[in-house]
Amino acid sequence: MMVSQEYVRLRGNLLKCTSEDINLMLNNDEQIYIAAFDVPIESLIEGNRTQTLGLVFGLNTHIYFGNGGAVTDLEKDPKVMEAMQSLFISAPQVLDTMELTEDYEYYDSNRIRAYLKTRRGVYYKELSSEKKEDSFLIMLMNRVWDAILDASED
């Protein structure tokens with residue numbers, strides 16, 4: 001499945017961002033400051049079978065679509081900001097179940113892929129709902145999605 005160059009660029013910019021780029025002083029090596037979740041979606045439209053939920057600690061909540069579209073400024077809703085902060089506070093608990101990687105290029109998959117960036121680098125994992133740590137991370141991600149949906153209904 002092909003995704004657009006704009007999607008690849010937006011997603012790449014997110015994962016290449018450093019704590020210095022956003023003027024964030026990190027407290028420790030486990031503090032997550034960027035989270036990206038590549039989520040497969042059902043779509044008959046070529047290039048639109050994935051979306052990425054991109055989070056930057058305390059700053060941004062965006063959705064990038066495989067076709068190059070994006071929804072930004074979602075963090076302006078207090079519920080979305082709260083759900084995002086909860087994810088960043090709680091997600092370090094599962095870092096030891098993830099793989100430290102330097103390869104975070106997009107690839108097609110039927111599973112959600114999580115990328116959590118710390119001072120040490122990017123932790124990665126394809127999530128499986130059969131594993132409790134993965135289910136925990138999926139639950140944190142879904143809280144953000146739910147807050148986004150609630151905000152869009154207001």
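Guide: Two strands pair if DSSP finds at least two bridges between them. Helices (H or I, at least four residues) and strands (E, at least two) are DSSP runs, numbered from the N terminus. In S3, Phe-65 is the bridge partner of Gln-51. This is a predicted model: local features need pLDDT of at least 70, side-chain atom pairs count only at pLDDT 80 or more, and totals for chains, interfaces and linings use all residues. Residues are numbered from 1 along each chain as its sequence is written, and side-chain values use heavy atoms, with hydrogens and water left out.

Visitor: How do you know that S2 and S3 pair?

Guide: Six bridges link S2 and S3 in the antiparallel sense. The rule asks for at least two, so S2 and S3 count as a pair. Their hairpin has three residues between the strands, and Gly-58 there takes a positive phi near 70 degrees.

Visitor: What makes S3 and S4 a pair?

Guide: Two bridges join these antiparallel strands. At least two are required, so S3 and S4 qualify. Ile-63 has Val-71 in S4 as its bridge partner. In this hairpin, with four residues between the strands, Gly-68 takes a positive phi near 105 degrees.

Visitor: Why are S4 and S5 said to stand at the edges?

Guide: The open sheet has seven strands, in the order S4-S3-S2-S1-S6-S7-S5, with antiparallel pairing. Strand S4 (70-71) and strand S5 (99-101) each have a single partner strand, so one side of each lacks a neighbour in the sheet.

Visitor: Why are H2 and H3 called roughly antiparallel?

Guide: Axes are lines fitted to C-alpha atoms, for helices over the stretch in contact, and angles run from 0 to 180 degrees between N-to-C directions. Angles under 35 degrees count as roughly parallel, over 145 as roughly antiparallel, 65 to 115 as roughly perpendicular and the rest as oblique. The axes of H2 (residues 78-90) and H3 (residues 132-153) cross at roughly 170 degrees and come within 8 Å. H2 and H3 are therefore roughly antiparallel.

Visitor: Which residues of H2 meet H3?

Guide: Contact means heavy atoms within 4.5 Å. Lys-79, Val-80, Ala-83, Met-84, Ser-86, Leu-87 and Ser-90 in H2 meet residues of H3, including Phe-136 and Leu-140. H2 also lies across S1, S2 and strand S3 (60-65), at about 80 degrees to S2.

Visitor: Why is Gly-121 called buried?

Guide: Buried means under 20% relative accessible area, exposed over 50%, partly exposed in between (1.4 Å probe, protein chains only). Gly-121 has 16%, so it is buried. Gly-121 lies in strand S7 (residues 121-126), and Thr-118 stands opposite it. Leaving aside neighbours within four places in sequence, Gly-121 contacts Leu-100 and Leu-116.

Visitor: And what makes Ile-41 partly exposed?

Guide: The relative accessible area of Ile-41 is 25%. Ile-41 lies in the loop between S1 and S2.

Visitor: What makes a set of residues a nonpolar core?

Guide: It is a set of buried Ala, Val, Leu, Ile, Met, Phe, Trp, Tyr and Cys residues joined through side-chain atoms within 4.5 Å. The largest here has 31 residues, and Phe-37, Leu-53, Leu-55, Leu-116 and Leu-137 touch the most other members. H3 gives the most to this core, with eight residues. A second, separate core of 19 residues includes Cys-17, Leu-26, Tyr-33 and Tyr-124.
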